[in-house]
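I opened this notebook to keep a record of what I looked up in the structure, entry by entry. The entries follow the order in which I went through it.

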Amino acid sequence: MAHTNTPEDTTSQASADANPNPDAGVGKANFLTVLRNTGFRNLWLGQTISQIGDYFAFLATFVVVGSFSNDPQTTTLSISGMLIANTLPRLLFGMLAGVFVDRWDRRRTMLVSDVLRAALTLAMIPAFLSKNLWLMYTLGFVMSSVGTFFNPAKTALIPKLVRTDDLTSANALSQTSQMLAMFVGPAIAGGVFKLAGTGNEWVAFVVDSTSFIVSAIAISLISVPKENSKLKTQNSKLRSVGPFRKVGQELMVGLRALTLNRSIAVLALTFAITMLGVGAINVLWITNLKVHFGFTSAELAWRISVGDIAFAAGMVITSVVAGNFFSNVAPKWFIVVGLLGAGLLTLPVGFAPDYWLVVVALLLIGAFIAPMNTGTTTLMQIIVPNDQLGRVGGGIGTITESATLTSMALAGIFGAAIGIPFVFLLSGLLVTGAGIVAWAFLPALTLKDKVEEAQAVAEAEAVLSFAQAEEEDDLLVEAS
């Protein structure tokens with residue numbers, strides 16, 4: 001952003017930097033205004049296709065691994081191992097990936113992520129044909145590791161492509177496309193498996209690889225505004241430090257934001273509490289349907305599918321409403337209302353006397369979850385300088401994954417000790433409590449309060465000074 005002497009000129013330049021297609025954002029923020037923006041439209045298209053590929057790959061991989069053995073116990077262990085291989089990278093590398101997302105060109109990062117995943121998906125074909133389970137685990141782990149770069153890069157790139165006033169609508173549209181991908185990906189996978197026939201499931205990996213290539217082509221067409229020259233200079237100076245030290249120092253910036261920035265710390269705490277509750281539900285959900293309603297294995301699959309469809313439908317509906325009609329609402333209220341609503345509705349789910357009451361509850365819970373996710377992303381984009389979004393998002397993701405895995409590990413113990421319905425009750429109380437924490441401590445900032453690049457420059461200078469001071473201290477120690 002150019003430095004000028006008048007507020008009017010500064011505002012004009014900021015608008016031009018934030019939106020490479022100025023005419024696209026004129027008018028009230030909604031899905032149509034953000035889709036008229038060529039850069040965001042390409043990003044959204046690439047993201048949607050990539051997410052369809054993600055869900056396609058997720059289902060295809062588990063179907064393939066499940067076909068390696070006819071023994072139920074062996075199959076369960078194989079699928080569990082694949083789930084762990086896909087989950088661990090988000091826990092281990094989430095924040096570290098954020099460091100590199102903040103250092104690298106975001107568009108190029110997403111592009112490379114898609115290309116690498118396309119190649120890794122094809123590499124699963126010989127692993128499938130040879131029924132090499134450990135090679136499938138390894139490829140799944142590597143694919144998930146590469147994927148940890150994609151979403152933080154997308155979150156950080158959106159504010160560079162759209163007006164600040166359009167952020168809520170852009171994030172809500174991204175949320176909507178993610179839910180739609182949950183339907184389309186598995187549907188395509190099911191169709192491909194049916195057409196290919198038994199023994200030819202490898203065709204699914206070809207289709208999946210193609211989806212990543214199409215996504216990469218869409219992302220390659222994005223035009224990103226140039227970075228603030230002064231900020232770029234400061235970051236370049238910081239990166240002139242030794243390679244290992246500079247990664248550590250940039251990682252410390254994200255850690256300090258998580259602990260010293262009150263709003264970010266509250267967000268991290270809020271979602272840690274939330275996932276302590278939700279993780280257990282994810283584990284006990286299928287068991288609850290079998291035990292509470294007595295569903296047999298034959299009908300359990302479609303009962304689960306109906307519940308998933310209801311949940312996703314609720315998310316799609318409120319994402320559309322939030323993005324088109326409530327784009328100016330402070331993100332805090334999306335988060336607070338979402339958590340309180342989802343928490344209170346979860347309380348009685350374990351005691352519901354009828355399955356269809358559970359389906360209605362899932363529809364309503366999904367309706368509250370979607371705006372909460374939109375509000376979280378938007379609030380982060382408001383309060384975190386763009387050059388730190390990768391690290392902060394990765395840090396919150398690491399905390400969330402840790403809470404999720406802890407909850408999943410304790411689910412069986414608590415389910416046996418107090419009963420599954422009471423675990424749902426406890427989970428609802430935790431989510432409701434997280435909503436109260438957010439209500440009490442999150443600031444009601446609006447899009448007008450968004451951190452500008454001037455503040456990012458000041459923070460970069462502070463980090464540089466810190467790095468230089470550390471280097472001088474080390475030189476003194478070596479000299480003595």
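**Surface patch.** I looked up the nonpolar patch on the surface and found that it is formed by Ile 317, Val 321, Phe 325, Phe 326, Val 329, Trp 333, Val 337, Leu 363 and Trp 439, which together have about 830 Å² of accessible area. Patches are made of residues with over 30% relative accessible area and no salt bridge, where like charges are joined within 9 Å and nonpolar side chains (Val, Leu, Ile, Met, Phe, Trp, Tyr) within 5 Å. I noted that accessible areas come from the Shrake-Rupley method with a 1.4 Å probe, and that for residues only the protein chains shown count as cover. The elements that give two or more residues to this patch are helix H13 (297-325) and helix H14 (331-346), and H13 gives the most, with three residues. Trp 333 is found in helix H14, and Trp 333 counts as partly exposed because its relative accessible area is 34%, where buried means under 20%, exposed over 50% and partly exposed in between, with a 1.4 Å probe and protein chains only.

**Basis of the model.** I wrote down that this is a predicted model, in which local features need pLDDT of at least 70 and side-chain atom pairs count only at pLDDT 80 or more, while totals for chains, interfaces and linings use all residues. Residues are numbered from 1 along each chain as its sequence is written, and side-chain values use heavy atoms, with hydrogens and water left out.

**The chain as a whole.** The secondary structure comes to 18 helices and zero strands, helices (H or I, at least four residues) and strands (E, at least two) being DSSP runs numbered from the N terminus. Of the 480 residues in the chain, 51% are buried. The chain exposes about 21300 Å², and carbon and sulfur atoms supply 68% of it. Among contacts (heavy atoms within 4.5 Å) with a separation of 6 or more, 85% are accounted for by residues 24 or more positions apart.

I checked helix H3 (residues 38-66), whose 29 residues should span 42 Å at 1.5 Å a residue, and its end C-alpha atoms are 42 Å apart, which agrees; the expected span is 1.5 Å times one less than the number of residues. The N-terminal end of H3 is capped by Asn 37, with a side-chain oxygen 3.0 Å from the backbone nitrogen of Gly 39. For helix H9 (residues 203-220), the 18 residues should span 26 Å, and the end C-alpha atoms are 26 Å apart, which agrees. Buried residues in H9 include Phe 205, Asp 208, Phe 212 and Ile 219.

**Salt bridges.** How many salt bridges does the structure hold? I found two, a salt bridge being a side-chain nitrogen of Lys or Arg within 4 Å of a carboxyl oxygen of Asp or Glu. In one, the side chains of Arg 117 and Asp 114 meet at 2.9 Å, N to O; these residues are three apart in helix H5 (residues 106-129), so they are separated by about one helical turn. Both Arg 117 and Asp 114 are buried. Arg 163 also forms a salt bridge with Asp 166, with the closest N and O atoms 3.1 Å apart, and Asp 166 is buried, with a relative accessible area of 2%.

Ile 369 has its place in helix H15 (residues 355-383) and is buried at a relative accessible area of 17%. I noted that Ile 369 and Met 315 are 54 residues apart in sequence, yet 6.6 Å apart in space, C-alpha to C-alpha. Not counting residues up to four places away in sequence, Ile 369 touches Phe 311, Met 315 and Ala 342.

Thr 432 lies in helix H17 (residues 420-441) and counts as buried at 12% relative accessibility. A polar atom of the Thr 432 side chain lies 2.8 Å from the backbone oxygen of Gly 428. Leaving aside neighbours within four places in sequence, Thr 432 is in contact with Leu 339, Leu 340, Gly 343 and Leu 344.

Thr 400 lies in helix H16 (residues 389-418) and is buried, with a relative accessible area of 16%. Not counting residues up to four places away in sequence, Thr 400 touches Phe 271 and Met 275.

How values were computed. Polar contact = N/O pair within 3.5 Å; in protein donor to acceptor, adjacent residues only side chain to side chain.
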